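Let's take a walk through this one together, starting with a helix and then moving on to the aromatic rings. Have the model open as you read.

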Amino acid sequence: MKYLYSLLLLILPLSILAQSPTTYSSGFAVSKNHLVTSFHTVKGFDGVLVTGINGDMSQGYIAKVVATDAPNDIALLKITDGNFSGFSQLPYSFKKTDDVVGAATTAIGYGKLSENNKVSSIEGKISVNSGISGSADHFQTTMSTASYNAGAPIVNNAGDVIGMVVSYVYNNKNINFATKSKAITKLLISKQIVLPQGTGLKGLKGNQRIAKMQSATCMVMCFKGGVGTVSDFIAAKTSKIAKSNIVNGHECVDLGLSVRWATCNIGASAPEDFGQFFSWGETKTKKNFTPGDYTYKREIANSWINIGDDIKDTKYDVAKIIWGNDWRLPTAVEVRELLDKCEWQWIEENDKSGYRITGPNGNSIFLPAAGVKMLDETYYENSYGYYWTSNISPSDAGNAYNLYFFSSYKGVDSVRRYFGHVVRGVTE
């Protein structure tokens, strides 16, 4: 493989360059030597490496930015590496007209760096036919994308590219925006790029569609201070990701959702361990879980001390108090996100039953069915799971919301605050 050597490369080894700030995203081919990706992921970097073509992460090819459309977050790249033989025939065409709201869409690109990097897909629909501030060159989707999905093509059921993933967070909300294909084609035509005319995706779904897209889908790696190697980039980036997923000494997982979820319950040393049980709003475990032993009771029967409708990030938040300020209880909305956007599989891990929950980006956590504490006994362990949220029930001040599941059901429920539940923390 041919590398671009600068004066800096002559002085510093590639392994040191790989430690400099780096980023990566998805991209897709638009001609034999050109591809497009999201502009914000390449802006400010002086070295670009394209890899993952045909699923091959061992080869990387030097590329340069040849045109941009900053308002629409589009960058046109050309692979200049002499060892690159060119993209094969592209299996898609571009659809210039707007799709209607509700149309099914699929984003196809690379996900989070891991030992098994592969092209994957994210399903969704067009939810709003405009972007931020009503931009006519964008649309909003229901797909739960992440930063590394930026630049991934979005195709419809006919196999046409109708847009490109450009954004997954706006004003701290999990809102997914895409640039419409008409903005992409406008930039390509201005650079005299002949638009692809393929129809190879028509009628294909799932793994068949992904397999057809392998040759045209890329991972775009960006460097500061020159271009390093694919292996150095992956080593540096995965090390950085691993460190970033240790918060106050406790591991978390990015599932591609609005928050990261802890890998273990509070008080547990392994994902399958139950951990400690707590009443809602209490920050210490105890032996007896009865109305009389509950800290926030009143003397009047069925009367409860108000400690707030949402106790996240307060002195009543057990995750925050035990694990530190960067951790907190999940909200009921965040639990519903876990329910709605992830795949749930009932399994056994080390003789403990529970759900393996896989996020949109392929990462997963395990929630054991720890049961519930009532009086001084544990009931339904290995059969039912009960996990506190931070929210009280608006219809009954004596109840709080929890994540409730068993092998054939999962949902958000409300139960008495004095019951003993386990806790799975979240962090931003």
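Predicted model: local features only at pLDDT ≥ 70, side-chain atom pairs only at ≥ 80, totals over all residues.

**A helix and its neighbours**

Which residues of α5 (residues 206–213) are the buried ones? They are Arg209, Ile210 and Met213. Around the helix axis they cover an arc of only 100 degrees, so they sit on the same side of α5. The background is simple helix geometry: with 3.6 residues a turn, residues three or four places apart point the same way in an α-helix. Now look at the face of α5 turned away from that buried side, and you'll find the exposed residues Asn207, Gln208 and Ala211.

A search of the whole structure turns up 29 aromatic pairs. In one of them, the rings of phenylalanine 223 and phenylalanine 233 have centres 5.3 Å apart and planes at 65 degrees; an angle over 60 degrees counts as edge-to-face, so that is what this pair is. Phenylalanine 223 belongs to β13 and phenylalanine 233 to helix α6 (residues 230–244), so the pair ties together parts that are 10 residues apart in sequence. Phenylalanine 223 is buried, at 0% relative accessibility, and phenylalanine 233 is buried too, at 1%.

Tryptophan 304 and tyrosine 418 make a stacked pair, at 6.2 Å centre to centre with 15 degrees between the planes. Here both partners come from loops: tryptophan 304 from the one between β16 (260–262) and α7 (318–323), tyrosine 418 from the one between β24 (409–416) and β25 (426–427), so this pair ties together parts that are 114 residues apart in sequence. Both count as buried, tryptophan 304 at 11% relative accessibility and tyrosine 418 at 15%.

Rings also gather in a group: ring pairs link Tyr379, Tyr380, Tyr384, Tyr386, Tyr404, Phe406 and Tyr409 into a cluster.

The charged end of lysine 352 sits over the ring of phenylalanine 274, 4.6 Å from its centre. Arginine 336 lies over the face of tyrosine 401, 5.9 Å from the ring centre.

And the cysteines? How many disulfides does a search of the whole structure find? It finds 0. Cysteine 222 is buried at 0% relative accessibility, and cysteine 264 is buried with a relative accessible area of 13%.

How values were computed
Residues numbered from 1 in each chain as written. Heavy atoms only, no water. Disulfide = S-S within 2.5 Å. Buried < 20%, exposed > 50% of the residue type's maximum accessible area, 1.4 Å probe, protein only. Helix = DSSP H or I, 4+ residues; strand = E, 2+ residues; numbered from the N terminus. Arc of directions from axis to C-beta. Phe/Tyr/Trp six-rings, centres within 6.5 Å; stacked < 30°, edge-to-face > 60°. Lys NZ or Arg CZ within 6 Å of the ring centre and 35° of its normal.
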